[in-house]
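Work through these exercises with the model open. Try each task before reading its solution.

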Amino acid sequence: MATPRRRKFKAEERPQPSPTAPSLSAFDADVSKVAVAQICLSAGYSAAEPSALRALSDISARYLQALGFAAASVAAAHRRTESNLLDLVRAIEDLSAATGFPGGSDPAGQPLRSGALRELKEFVGSVEEIPFSKPIPLEGQGKAHRETWRSFAAAGREPPFRHVPRWLPCFPEEPVDGGKKETEIEIAIRPSMEEEEGKTAVELPAEREKVRFRLGVGKGSSALCDGKDLMRG
Amino acid sequence: MNSSSSSMGGDGRHDDDAALTEFLASLMDYTPTIPDELVEHYLARSGFHCPDIRITRLISVATQKFISDVASDALQHCKARQAAPVKDKSKQPKDKRLVLTMDDLSKALQEYGVNLKHQEYFADSPSTGMDPMSREE
């Protein structure tokens with residue numbers, strides 16, 4: 001049985017998926033696929049199998065999360081909520097334990113002089129800059145996420161319900177029409193909703209012709225409702 | 001190595017700190033391939049919190065280095081496979097294009113402790129493709 005022909009495509013010509021795609025959760029996967037494809041291009045590849053690219057971008061996302069998680073746990077172990085450079089160096093050393101780095105065998109080495117950091121410096125110095133190819137239309141959402149929350153007590157407001165304590169963050173405010181700038185994704189979703197509302201809001205004309213029908217009592221007629229149904233109402 | 005570094009004292013540490021500060025400052029000029037928004041999204045998902053953007057850039061550079069290491073290892077596997085003598089002449093002009101395949105990727109990731117296995121194809125039933133004699137059994 002012949003092996004199926006594998007689809008091949010050039011890494012540089014891959015079209016960017018539209019940001020108004022229905023599944024928003026796959027957006028970060030698509031963005032990381034483009035970034036990984038660019039890195040493979042700079043490494044010397046001219047094409048990539050779609051499954052291999054998908055696998056590598058998934059692994060890179062997991063590596064990123066693993067780095068963040070390791071740094072956060074090192075900071076938490078030292079009774080801190082914000083990670084700093086030392087935590088990050090420790091996390092990088094932990095994750096590069098599989099391949100190793102110079103000076104890794106010295107447990108008392110100073111973290112700021114670690115071999116892993118030196119290798120990173122050499123990498124930055126040797127590799128050309130490859131900026132991301134497409135613009136990401138998420139600036140509006142990014143700013144909203146960076147706003148720090150304030151509790152009801154700090155904002156000087158009373159919570160709307162009695163069971164909500166005052167030290168909790170304020171509820172998000174309802175979007176006011178005409179106030180906030182809509183993101184592209186919202187604009188894509190909104191027109192379809194308005195169309196549906198337009199269909200149901202049709203007014204019936206004042207004078208309508210009368211509709212007459214007979215309940216199935218006559219002979220040979222296929223009764224839609226029996227007398228028994230009428231009794232049940 | 002540790003004793004020599006401690007005997008250097010303040011001077012050595014000063015040089016290292018200066019080099020590190022310079023490196024962190026250079027990170028702001030260097031644009032990593034992985035965009036900052038994506039990195040911040042994944043870091044927020046994993047519970048990492050740091051207001052310093054240089055740390056975020058350092059993480060994205062570390063990830064970029066990891067991916068480029070894996071890609072270059074896979075490239076070496078690909079080139080090693082092409083260097084083997086190929087008797088079929090029709091395949092040779094196509095070989096100049098380097099394609100990232102699942103095989104090369106799984107071999108490269110093996111060294112990094114990631115086990116990647118890929119199904120060649122999916123069959124309808126367990127007995128698909130078997131001998132008709134053994135299938136009846």
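A salt bridge is a side-chain nitrogen of Lys or Arg within 4 Å of a carboxyl oxygen of Asp or Glu. This is a predicted model: local features need pLDDT of at least 70, side-chain atom pairs count only at pLDDT 80 or more, and totals for chains, interfaces and linings use all residues. Residues are numbered from 1 along each chain as its sequence is written, chains are lettered from A and ligands numbered from 1 in the order in which they are written, and side-chain values use heavy atoms, with hydrogens and water left out.

**Exercise 1. Find the salt bridges between chain A and chain B.**

Step 1. Side chains of opposite charge can pair when their charged atoms come close.

Step 2. Count. Over all chains there are 10 salt bridges. Between chain A and chain B there are 2.

Step 3. Take A:D28. Its partner is B:R45, with the closest N and O atoms 3.0 Å apart. A:D28 sits in helix α1 of chain A and B:R45 in helix α3 (residues 36-46) of chain B, so this pair joins two chains. Helices here are DSSP runs (H or I, at least four residues), strands are E runs of at least two, and both are numbered from the N terminus.

Step 4. Take B:K65. It bridges to A:E119, the closest N and O atoms being 3.8 Å apart.

**Exercise 2. Describe how α4(A) packs on α4(B).**

Step 1. Two packed helices are described by the angle between their axes and the distance between the axes. Axes are lines fitted to C-alpha atoms, for helices over the stretch in contact, and angles run from 0 to 180 degrees between N-to-C directions.

Step 2. Read the values. Helix α4 (residues 115-126) of chain A meets helix α4 (residues 53-83) of chain B at about 80 degrees, with axes 10 Å apart. That makes α4(A) roughly perpendicular to α4(B) (65 to 115 degrees; under 35 is roughly parallel, over 145 roughly antiparallel, the rest oblique).

Step 3. List contacts (heavy atoms within 4.5 Å). From α4(A), the residues include A:E119 and A:F123; from α4(B), they include B:V61 and B:K65.

Step 4. Sort by class. This contact has 7 nonpolar, 2 polar and 2 charged residues. Ala, Val, Leu, Ile, Met, Phe, Trp, Tyr, Cys and Pro count as nonpolar, Asp, Glu, Lys and Arg as charged, and the others, Gly among them, as polar.

**Exercise 3. Is α3(A) roughly parallel or roughly perpendicular to α4(B)?**

Step 1. Get the geometry. The angle is about 10 degrees and the axes are 11 Å apart. That makes α3(A) roughly parallel to α4(B).

Step 2. Name the residues. A:L85, A:L88 and A:I92 meet B:I55, B:L58, B:I59 and B:A62.

Step 3. Classify. The contact has 7 nonpolar, no polar and no charged residues.

**Exercise 4. Size up the interface of chain A and chain B.**

Step 1. Count residues. 62 residues of chain A contact 65 residues of chain B.

Step 2. Take the buried area (accessible area, 1.4 Å probe, that two parts lose on being put together, summed over both). The chains bury about 5800 Å², 70% of it on carbon and sulfur atoms.

Step 3. Find the main contributors. In chain A, A:Y45, A:L64 and A:R113 lose the most area to chain B, together 13% of what that side buries.
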